[in-house]
Amino acid sequence: QGEIQKGYSEETRNFEQVKKGVDSGAIQKGQSKEDVIRHYGEPVVTLQDKVTNREKWVYKPAVSDYFKGIKIYLFFDKADKLDEIVLTGQEAGKRGR
């Protein structure tokens, strides 16, 4: 059970760090995947978006699930550079940068 709680804490901490970075403008288009991981931690999950042919990273707090609750999606292009930032959920709306 300790490992599960540690995973939840890390998931939430990484989400909060990414949210701060988005809100402050520190996370911007053109950043590399390595830079994002180094400063903000690993995403909860990575997916390949077949429609846009981009990699989609999901950051969410432990209290959110994949269908509801606040989430941040980071999309990376073929050159592994940040291409789009989308905030969804409680603080509704889409934030594209």
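Over which residues does pLDDT stay under 50? pLDDT, the predictor's confidence in each residue from 0 to 100, stays under 50 over residues 92-97.

## Model and confidence

This is a predicted model; local features need pLDDT of at least 70, side-chain atom pairs count only at pLDDT 80 or more, and totals for chains, interfaces and linings use all residues. Residues are numbered from 1 along each chain as its sequence is written, and side-chain values use heavy atoms, with hydrogens and water left out.

The protein chain averages a pLDDT of 86. At least 70 is the score of 84% of the residues. For residues 92-97, the model has 18 contacts (heavy atoms within 4.5 Å) beyond four places in sequence. Where pLDDT is low, the predicted coordinates should not be read in detail.

## Overall layout

The protein chain has two helices and four strands. These are DSSP runs, numbered from the N terminus: helices are H or I with at least four residues, strands are E with at least two. Their order along the sequence is α-α-β-β-β-β.

The protein chain has 97 residues, and 39% of them count as buried. Buried means under 20% relative accessible area, exposed over 50%, and partly exposed in between (1.4 Å probe, protein chains only). The chain exposes about 5,900 Å², by the Shrake-Rupley method with a 1.4 Å probe. Carbon and sulfur atoms supply 49% of that area. Of the contacts between residues at least 6 apart in sequence, 35% join residues at least 24 apart.

Helix H1 spans residues 2-24 and contains Asn 14. Asn 14 is buried, at 9% relative accessible area. Leaving aside neighbours within four places in sequence, Asn 14 is in contact with Tyr 40, Gly 41, Glu 42 and Tyr 59.

Helix H2 covers residues 33-40; its buried residues are Lys 33, Asp 35, Val 36 and Tyr 40. They cover an arc of only 165 degrees around the axis, so they lie on the same side of H2. The arc is that of the directions from the helix axis to the C-beta atoms. Just after H2, Gly 41 takes a positive phi of about 90 degrees.

## Aromatic pair and Phe 76

The structure holds one aromatic pair. Trp 57 and Phe 76 have ring centres 4.4 Å apart and planes at 45 degrees, so the pair is tilted. Rings of Phe, Tyr and Trp (its six-membered ring) pair if their centres lie within 6.5 Å; planes under 30 degrees apart count as stacked, over 60 as edge-to-face and the rest as tilted.

Phe 76 has 0% relative accessibility. Not counting residues up to four places away in sequence, Phe 76 touches residues including Lys 33, Val 36, Arg 54, Trp 57 and Leu 82. Its C-alpha atom is separated by 9.0 Å from that of Lys 29, 47 residues apart along the chain.

## Charge over a ring, and loops

The charged end of Lys 56 sits over the ring of Tyr 73, 4.2 Å from its centre. The criterion is NZ of Lys or CZ of Arg within 6 Å of the ring centre and within 35 degrees of the ring normal.

Asn 53 is not a glycine, yet has a positive phi of about 55 degrees. Asn 53 is in the loop between strand E1 (45-49) and E2, and is partly exposed at 40% relative accessibility. Asp 80, also not a glycine, has a positive phi of about 65 degrees. Asp 80 lies in the loop between E3 and strand E4 (82-88), and is partly exposed at 30% relative accessible area.
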